[in-house]
Amino acid sequence: MNNITHIAFDMGGVVLHIDHEQAVSRFEEIGVADARKYLNPYHQQGLFGQLEGGQISAETFVTELSRLIGKPLTHEQCLYAWLGYLKGIPQSHFDALTRLRKEGYRICLLSNTNPFFFEWADSKAFDGQGNSIKHYFDSLYVSFRCKLLKPSREIYEHVLRSEGIRPEQLLFIDDSERNTEAAAALGIQTIHVETNEDWTGRV
């Protein structure tokens, strides 16, 4: 951990455990028969990718997905489907994030995500104890707000510039090897973990 002042975490598969099959199942349940074609554990496709990249709003997503499947959907149905990705968050993850902040590291979120999922993350339901994700992180870099997606070079440069740090001062933890390789190419220190792996003993 020499020279590291900041630690950036991916959200799905790292901070929280995800269930890809449950998400596919929920989208199929609300009428998206070919949901598997669009959904990916790391990077979404089509309309779903446009939502994560900040190219369209949540409202436009609901409208366009309704048009795509030929029946009206509500915001609540889409929120329910997106939250299918949520499997849970181990208490040990909350404890590790709290410990790292107490040790003096600045803790950042760097995630490809969308306004539906973030609506939940930014609510008091996030940790089950009345705290949102902001309780655990100093900075939140989410794709739909930055209008940038990992593994683009630009999103990592955006984080470094915003935090005012050099690449070697940042440790980035992600479950996508494409994402950690892209960050490492810029000189960022990285840890690649398997999806839903316990990373708490490595930092």
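**View 1. Pairing of strands β4 and β5 in the predicted model.** In this predicted model, strand β4, which spans residues 106-111, pairs with β5 in the parallel sense over four bridges. Within this pairing, Ser111 of the chain stands opposite Val142 in β5. Strands of a sheet pair through backbone hydrogen bonds, either parallel or antiparallel.

**View 2. The five-stranded open sheet.** The strands are arranged in the order β5-β4-β1-β6-β7, with parallel pairing, and the sheet is open. The edge positions are taken by β5 (139-142) and β7 (189-192); each has a single partner strand, so one side of each is left without a neighbour in the sheet. From one strand to the next, the twist averages 20°.

**View 3. Helix α10 on the sheet.** Helix α10, formed by residues 177-184, packs on the sheet and touches both β6 (170-174) and β7. The direction of α10 makes about 165° with that of β7.

View 4. Ser176 lies in the loop between β6 and α10. Is Ser176 buried or exposed? Ser176 counts as buried because its relative accessibility is 7%, which is under the 20% cut-off. Apart from neighbours within four places in sequence, Ser176 is in contact with Tyr42 and His192.

**View 5. The largest nonpolar core.** This core has 56 residues, and those with the most contacts inside it are Phe9, Phe27 and Phe61. Helix α7 (residues 115-121) supplies the largest share of the core, namely five residues. When neighbours within four places in sequence are set aside, the contacts of Phe9 include Val14, Val15, Leu97, Leu100 and Ile107. Phe9 is also in contact with Cys108, Leu109, Leu110, Phe137, Ile173 and Trp199.

**View 6. Cys108 and Cys146.** Cys108 counts as buried, as its relative accessibility is 0%. Cys108 is accordingly in no disulfide, with the sulfur of Cys146 being the nearest cysteine sulfur.

Methods: Residues are numbered from 1 along each chain as its sequence is written. This is a predicted model: local features need pLDDT of at least 70, side-chain atom pairs count only at pLDDT 80 or more; totals for chains, interfaces and linings use all residues. Side-chain values use heavy atoms; hydrogens and water are left out. A disulfide is a pair of cysteine sulfur atoms within 2.5 Å. Buried means under 20% relative accessible area, exposed over 50%, partly exposed in between (1.4 Å probe, protein chains only). Two strands pair if DSSP finds at least two bridges between them. Helices (H or I, at least four residues) and strands (E, at least two) are DSSP runs, numbered from the N terminus. Axes are lines fitted to C-alpha atoms, for helices over the stretch in contact, and angles run from 0 to 180 degrees between N-to-C directions. Contact means heavy atoms within 4.5 Å. A nonpolar core is a set of buried Ala, Val, Leu, Ile, Met, Phe, Trp, Tyr and Cys residues joined through side-chain atoms within 4.5 Å.
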